[in-house]
Amino acid sequence: MADLSYVRLEMLPQKEPPRSSVGVQGWMRINLFSSGANTILTIVAAVLVLMILASILPWIFGGVWNASSLSECREIFAERYGNGTEYACWAVIKDRWHQIIFGYYAPDQYWRPVLGFLLILLAFAPVLFPKLPSQMFYITLASIFIYPWLIWGGTIWSPIIAALGVAVGYGVYVLASRALGSLIGLLLGCAAAILWWSAISGALTDALSSTIPASLETMSSLNLAGFVLSITIGIVAIAASLPLAIVLALGRQSDMWIVNKLCTGFIEIIRGVPLITLLFVATVLLNYFLPRGVEFDVILRVMILVTLFTAAYIAEVIRGGLAALPKGQYEAADALGLTYWQAQRLIILPQALKISIPGIVSNFISVFKDTTLVSIVALNDPLGIANNIRANSDWNGIVWELYGFIGLIFWIFCFSMSRYSMWLERRLQTGHH
């Protein structure tokens with residue numbers, strides 16, 4: 001009897017997908033040649049890119065690495081090519097790269113900023129990657145005191161005594177909060193730490209330094225230069241501005257009238273003034289408001305103003321994240337009986353910060369690049385160092401090589417931050433799926 005079934009009794013063997021839809025060919029078809037208009041744009045863009053590369057790559061790879069001056073580079077070009085064409089004189093990078101990176105540190109002191117940068121990477125690691133052992137937070141706390149000592153030098157007792165001030169303040173906070181409440185305990189703890197640093201630490205540091213001398217060569221703030229200066233200002237601004245921005249964002253949304261207006265006024269005033277104006281205030285005008293004989297380190301002033309400037313912008317980004325949360329999240333926190341700070345710590349802020357990650361990282365990248373503005377107020381950041389190098393008669397006329405090298409290093413730092421931001425968004429699954 002003939003089988004009249006119309007349903008297949010056996011599965012067909014699996015076939016390979018068409019070659020035009022997988023691999024390089026499939027990717028090009030989907031992303032570059034998916035339509036007639038996209039095909040034309042791809043071809044035009046490819047031609048423009050090839051034209052640019054055809055003019056740039058010979059200049060880059062035809063350059064000279066071994067020369068003592070720009071004049072010698074030009075002599076080598078004339079001997080090698082003989083057509084009057086000049087290529088990159090990379091010899092200036094080979095000759096002065098250490099000055100661009102380390103500023104005015106002596107060669108035997110290069111280990112200090114290198115060790116400080118590695119310490120900062122270890123310090124940020126448990127913050128950036130929460131799965132790391134919690135014991136690494138001790139490195140984070142220690143780096144707050146060790147990094148300035150490595151950069152500026154001085155006696156080893158300065159960071160130790162400063163850290164003891166934090167321990168004293170924390171101890172007073174714990175004891176006072178149990179007896180008088182957390183708010184009073186916090187105020188007393190801060191007062192105890194300030195009293196320690198202002199009245200006790202100086203004399204104690206001098207006594208220990210004279211008894212057990214151990215110090216690094218002191219580096220003046222005016223001699224701090226190059227990428228060491230930019231990284232130092234950028235790290236302090238990034239690390240200090242985020243918690244301040246969170247407080248400002250919460251304050252601007254507060255129902256307490258005074259707190260709300262103070263935070264709103266601070267944010268609007270700072271955001272309404274260019275950063276370069278604040279830098280001039282920090283380096284020039286602030287001296288007029290200080291008592292006679294009081295010296296306030298110029299780089300510390302710049303760090304404070306850059307931190308406040310960054311915090312004002314990030315506060316608005318975080319406020320946007322808070323406003324984007326559904327009202328039901330706040331009502332759920334109230335329904336669970338959580339206090340204001342418990343709700344913010346456990347429910348509200350984690351979600352708001354997830355939403356705000358792109359904007360926060362964008363501001364961090366901007367502030368790191370904005371550290372080049374300190375060259376306008378007579379601090380020798382990498383651009384200031386480049387100007388000093390160009391003022392030398394041996395390298396007078398060098399432009400693209402120096403700025404290209406500096407731009408490449410800035411791009412490495414900023415690209416790394418943007419990649420981390422994207423990884424963190426994927427890890428936290430920011431967005432709705």
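Modeller: The axes of helix 13 (residues 327-335) and helix 14 approach within 10 Å and cross at roughly 165°. Helices here are DSSP runs (H or I, at least four residues), numbered from the N terminus. Axes are lines fitted to C-alpha atoms over the stretch in contact, with angles from 0 to 180 degrees between N-to-C directions. This is a predicted model, in which local features need pLDDT of at least 70 and side-chain atom pairs pLDDT 80 or more, while totals for chains, interfaces and linings use all residues. Residues are numbered from 1 along each chain as its sequence is written, and side-chain values use heavy atoms, leaving out hydrogens and water.

Colleague: How is helix 13 oriented relative to helix 14?

Modeller: Angles under 35 degrees count as roughly parallel, over 145 as roughly antiparallel, 65 to 115 as roughly perpendicular and the rest as oblique. Helix 13 is therefore roughly antiparallel to helix 14. Contact means heavy atoms within 4.5 Å; Gln 329, Tyr 330 and Ala 333 of helix 13 meet Ala 343, Ile 347, Ile 348 and Gln 351 of helix 14.

Colleague: Which residue classes form the contact of helix 13 with helix 14?

Modeller: Ala, Val, Leu, Ile, Met, Phe, Trp, Tyr, Cys and Pro count as nonpolar, Asp, Glu, Lys and Arg as charged, and the others, Gly among them, as polar. The contact has 5 nonpolar, 2 polar and no charged residues.

Colleague: At what angle do the axes of helix 9 and helix 10 cross?

Modeller: The axes of helix 9 (residues 226-252) and helix 10 (residues 257-271) cross at roughly 125° and come within 7 Å. That angle makes helix 9 oblique to helix 10. On the helix 9 side the contact is made by Leu 248, Gly 251 and Arg 252, and on the helix 10 side the residues include Val 259, Phe 266 and Glu 268. By class, there are 5 nonpolar, 3 polar and 2 charged residues.

Colleague: Is Thr 310 buried or exposed?

Modeller: Buried means under 20% relative accessible area, exposed over 50%, and partly exposed in between (1.4 Å probe, protein chains only). Thr 310, in helix 12 (residues 298-324), counts as buried because its relative accessibility is 4%. Beyond residues up to four places away in sequence, Thr 310 touches Ala 237, Ser 241 and Val 367.

Colleague: Where is Asn 380 found?

Modeller: Asn 380 lies in the loop between helix 14 (340-370) and helix 15 (382-391). With a relative accessible area of 19%, Asn 380 is buried.

Note on methods: Helices (H or I, at least four residues) and strands (E, at least two) are DSSP runs, numbered from the N terminus.
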